[in-house]
Amino acid sequence: MSFLLLGTHMSIAGGVSRALDRAASVHSNAVQVFTKNNRQWAGPPINEEDVERWRVQMPALGITYAVSHASYLINLASPKDDLWEKSRLAHQDELRRAHAYAIPHVVLHPGSHTGSGNEAGIARIATALNRIHDETPACADTVTCLEIMAGQGNVLGRDLAQLRAIIDQVEDQRRVGVCLDTCHAHAAGYDICSDAGYGAFMAEIDRWLGLETVKVWHFNDSKGVMGSNLDRHVHIGEGEIGEAGFRHILNDSRWEGVAMLLETPKEETLEEDVMNLARLCALVEDDSRIPPGLRPQSVVEQIPGAGQTPDDDAQ
Ligand SMILES: [Zn+2]
Ligand SMILES: [Zn+2]
């Protein structure tokens, strides 16, 4: 099996490509970014210089996977025409930006029906996606990944059946996938902690979506208990999911090639990212799957030549 793809959501302060440097500084091989300020509708024009820096730096820094997260403002489920229209244009822009950076996946919160009902909201999302796909033929290889949600209020995407219902109404289904967030799934009532629960969850994913529809994982422990509908992320092992849930996913070969990205609280020093990545790596049973930079020193020393400089050989 190949290396796990592990990383965290990184700030794009100073330019989108700066997130790559931050990801490399914590020795991860994957990263999640916003491709513009996520709390504003409009972003600056795509910075071609930064796109070029991204293209060169990504392989140079050993980052093998990147995903973007769409703006939190977007609500494709809105019954209000003005907000729906604004959201549709904003998500088009998200796809174009991701495409410019050759980012294959864009995570999107499906949206809130704000009282119009599940069915109306789901139809609204699908109609928007179909329009967006028609209007961005050049971004055909950029996949929108609908994120499972914790299930608060009128938010759609609270379970796998709802995600399926949206996808069913999308004409070009190659352009949609799913992002599974461990905190959201747990809060929505899925048990990933017990062996039986995880097995049942996998069977549900297979039944409703097919495993290949899942393009990316968000790895967050959950402040709220199972079924609490509380969307509050906490450090790995410090929440209601605990180590067992992450151990299941990390060691399941069916997730090979699917990146796992943290969205846990942190300061600018990124110390918490280092801590959470180390906690995840400690749960990996096959050391050879841990990205080389994240291997504990003791493991690195066991690899012939690793950690040695040419000077060491000369002495
Ligand atoms: Zn998430
Ligand atoms: Zn969340």
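The model is predicted, so local features need pLDDT of at least 70 and side-chain atom pairs count only at pLDDT 80 or more, while totals for chains, interfaces and linings use all residues. Residues are numbered from 1 along each chain as its sequence is written, and chains are lettered from A and ligands numbered from 1 in the order in which they are written.

**The barrel**
- Eight strands form a closed barrel in the order S1-S2-S3-S4-S5-S6-S7-S10, with parallel pairing (strands are DSSP runs of E, at least two residues, and helices runs of H or I, at least four, numbered from the N terminus; strands pair if DSSP finds at least two bridges between them).
- From one strand to the next, the twist averages 30°.
- S7 (residues 214-219) pairs with S10 (residues 259-262) in the parallel sense over four bridges, and His218 stands opposite Leu261 in S10.

**Helices H3 and H4**
- The axes of H3 (residues 81-100) and H4 (residues 118-135) come within 10 Å and cross at roughly 45° (axes are lines fitted to C-alpha atoms over the stretch in contact, with angles from 0 to 180 degrees between N-to-C directions).
- H3 and H4 are therefore oblique to each other (angles under 35 degrees count as roughly parallel, over 145 as roughly antiparallel, 65 to 115 as roughly perpendicular and the rest as oblique).
- Trp84, Ser87, Arg88, His91, Gln92 and Leu95 in H3 meet Arg124, Ala128, Arg131, Ile132 and Glu135 in H4 (contact puts C-beta atoms, placed from the backbone, within 7 Å).

**Glu267**
- Glu267 sits in the loop between S10 and helix H9 (271-281).
- The C-alpha atoms of Glu267 and Cys183 are separated by 20 Å, and the two residues are 84 residues apart along the chain.

How values were computed: Two residues are in contact if their C-beta atoms, placed from the backbone, lie within 7 Å.
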